[in-house]
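Please look at the model shown here with attention to its aromatic rings and to one of its helices. The paragraphs that follow take these two topics in turn.

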Amino acid sequence: MYISTAKSEIMPTNNAKRKLAEITQNLISEKVEADGLKKSIEELKSLLEKVSGLNQEAPINSENILLPSGKAIGPKWAGMCLEDIPRTHKFIKGIHSAVQEVLEKNPKKPVTILYAGTGPYATLVLPLLSLFEPSQLQLILLEVNTVSIESLKRIIKGFDAYEYIKAIYHCDAANFIVPSEFETDILLVECMQHALVREPQVGITYNLLPQMKDEVILIPEEISLHVALIDLEKKAEYLTNDNNSKKDYYENSDSVFKLNKKEVLEKSTEFKEEGFQFPEREVSFTEEQLSNYDFIAVSTEITIFKNISLSIDESGLTAPMLLADLNHDQKVTGAKTQYVVGTEPGLASQLVRS
């Protein structure tokens, strides 16, 4: 369902726009330090909550929507995602870099971002409105939750962002048909949890990406899942060293599932066929490898855009999903995995024992 963005009679909040611009400058600064970054994210959250008027405690805002391609989390939980500081910071920086790259190639034409799963605030693109003019940036917004749609309209009004909006659609992005008149430069899909479980990131990407032009930029560029070995003692040491040391507490297998432009376009026709299944992968470790680690887990690595990425444990999105405690189950030698789609998407895993 298409949602009108016609202006209401309420005047925009100029103070809100100024505050957003200040926060955004801090977020994209190369010199921002951890404390300043944390403060900026807290200020962004407070500002968006105030402008949207979203009542976090209303029971309806905690309700998830179960879709054929996975679970769309409720507005409360979607809004809380911005509290994951590395996630919010790096996605905003990555999208900013992608917009700049597209503009450099064609400065006379606005960059169009199609943002699937905006949540109540459109958190990952809203800050960019303070950096670009409407002649440089246009948005197509897709969201399935009615409460989030209403919040989104208040956000657009509060920041006087009408001229940036090409369209808002109240829809399930996993089966949305993009109107032919819309040419998208950047496809942004951020509807995921760690290990790509439960949420419809895969279904949405496989639906929307094949509808785009060849040179469209997909963000995130790649999500890869691995079977990993984890050393708890080394991890504890790493976490106490202010994260400046090398992450040597885990060992990844080759990827067992990838979501990127190449994979999606190669499999998009098969994906639509009834009974489609992703291939099964088996990972085995040697006795020597296993003796040096405590856990087998599924790890998630995310390339947002070019050199901007999220590695293991850097964000809630890349927290390992534990499969086995090697100290208590010493016969485990690896795992068979297969990514499954449907109402409960995720990496199905079966331990392999000697």
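The count of aromatic pairs comes to 11, where rings of Phe, Tyr and Trp (its six-membered ring) pair if their centres lie within 6.5 Å; planes under 30 degrees apart are stacked, over 60 edge-to-face, and the rest tilted. Tyr206 belongs to helix α6 (residues 201-208) and Phe271 to helix α8 (residues 261-271), so their pairing ties together parts 65 residues apart in sequence. Helices are DSSP runs of H or I with at least four residues, and strands are runs of E with at least two, numbered from the N terminus. Tyr206 and Phe271 are both buried, a word that means under 20% relative accessible area, with exposed over 50% and partly exposed in between (1.4 Å probe, protein chains only).

This is a predicted model, in which local features need pLDDT of at least 70 and side-chain atom pairs count only at pLDDT 80 or more, while totals for chains, interfaces and linings use all residues. Residues are numbered from 1 along each chain as its sequence is written, and side-chain values use heavy atoms, leaving out hydrogens and water.

Ring pairs also link Tyr206, Phe257, Phe271, Phe276, Phe278 and Tyr339 into a cluster.

Helix α2 (residues 34-52) has 19 residues. Its buried residues include Leu37, Ile41, Leu44 and Leu48. Among the elements that cover the buried residues of α2 are α1 (14-28), α4 (85-105) and α5 (146-158). Just after α2, Gly53 takes a positive phi of about 65 degrees.

Methods:
Expected span 1.5 Å × (residues − 1). Contact = heavy atoms within 4.5 Å.
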